[in-house]
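Student: I have a model open and want to read it residue by residue. Can we go through it in short questions?

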Amino acid sequence: MDRLAKRQLVGTAGLVGVVAIATTLLTPERVVAQMLHLADHPVYLAGVIVGLYLIRPFFAWPTMPLSAFVGFVLGVKYGFPVALMGALVTCLIPYRFALRAGEQGGMFGWLGDSGRRIIEVTGEMRGVLAARLSPVPADPVSYGAGFARVSPRSFAVGTFLGEIPWVAVEVTAGASLRSLTLTGLTIDALPHVLLFSAALAVLVLAGPAYRHVNAPNSS
């Protein structure tokens, strides 16, 4: 098994283990009380949020729980911009690593080759945007963009725009858990977000793909 797959497996298993231990040792009421207590102390809360987004790539944790946590403690109004910036920052870490690492073999090499093929057809920003809109885990997209030598500007803009629908539903789901209501956009809307993001990804790629297929030298 290659390094990236191992990291994803170990990171997910570790997160599941932490959640399992927490739910075993602490009651849900106590967990909620601790998060609400943290929300009342902005300085400590800011440190926790920044720390979680910075260490996330090293454990290959998914970004969704972090956005939901931010939504829970900050609500939608403040949680959405914070989580969106957090998603951008946490994705920049593996991107910068891949950008500096250069050519790699195994899964990393495959990600780089795939990223380059996509970028050749779609362009840098459009390719990153479509990848972010699709239900692909954040880290493979970041590594692929870095190994494909996508420019920092194209990566940042594509990631920022592509993460908007995902962060919106995740933050709102977290805020809904706090208010214990099902009004507005909640986790029940996830299938709709999947369809919406997939449709946007298709639209983003449609024009370049059509031009590539119909180019004079494509045959």
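**Reading the helices**

Tutor: Leu84 is found in helix H4. This is a predicted model, where local features need pLDDT of at least 70, side-chain atom pairs count only at pLDDT 80 or more, and totals for chains, interfaces and linings use all residues. Residues are numbered from 1 along each chain as its sequence is written, and side-chain values use heavy atoms, with hydrogens and water left out.

Student: Is Leu84 buried, exposed or partly exposed?

Tutor: Buried means under 20% relative accessible area, exposed over 50%, and partly exposed in between, with a 1.4 Å probe and protein chains only. Leu84 has 4% relative accessibility. Therefore Leu84 counts as buried.

Student: Which residues does Leu84 touch, not counting residues up to four places away in sequence?

Tutor: Contact means heavy atoms within 4.5 Å. Beyond its sequence neighbours up to four places away, Leu84 touches Phe160, Glu163, Ile164 and Val167.

Student: How many helices and strands are there in the chain?

Tutor: Helices (H or I, at least four residues) and strands (E, at least two) are DSSP runs, numbered from the N terminus. Along the sequence the pattern reads α-α-α-α-α-α-α-α-α. The count is 9 helices and 0 strands.

Student: Where does UniProt place the feature "transmembrane region"?

Tutor: UniProt positions are given in the numbering used here, feature names are shortened, and annotations may be inferred rather than shown by experiment. In the model, residues 43-61 are 89% helix and 0% strand, with end C-alpha atoms 24 Å apart. Residues 68-95 are 100% helix and 0% strand, with end C-alpha atoms 23 Å apart. The unreviewed UniProt entry places the feature at residues 43-61 and 68-95.

Student: Which residue forms a salt bridge with Arg56?

Tutor: A salt bridge is a side-chain nitrogen of Lys or Arg within 4 Å of a carboxyl oxygen of Asp or Glu. The whole structure has 1 salt bridge. In it, the closest N and O atoms are 2.8 Å apart, and the partner of Arg56 is Asp139.

Student: Why does the pair of Arg56 and Asp139 tie together parts that are 83 residues apart in sequence?

Tutor: Arg56 is buried at 1% relative accessible area, and Asp139 is buried at 4% relative accessibility. The pair ties those parts together because Arg56 lies in helix H3 (residues 42-59) and Asp139 in helix H7.

Student: How many aromatic pairs are there?

Tutor: Rings of Phe, Tyr and Trp (its six-membered ring) pair if their centres lie within 6.5 Å; planes under 30 degrees apart count as stacked, over 60 as edge-to-face and the rest as tilted. By this rule the count is 4.

Student: Are the rings of Phe59 and Trp61 stacked or edge-to-face?

Tutor: Phe59 is partly exposed at 43% relative accessibility, whereas Trp61 is buried at 17% relative accessible area. Their ring centres are 5.0 Å apart and their planes are at 20°, so the pair is stacked.

Student: Which residues do ring pairs link into a cluster?

Tutor: The rings of Tyr143 and Phe147 have centres 6.5 Å apart and planes at 20°, so this pair is stacked. Both residues lie in helix H7 (residues 138-147), 4 residues apart, about one turn of the helix. The cluster is Phe97, Tyr143 and Phe147.
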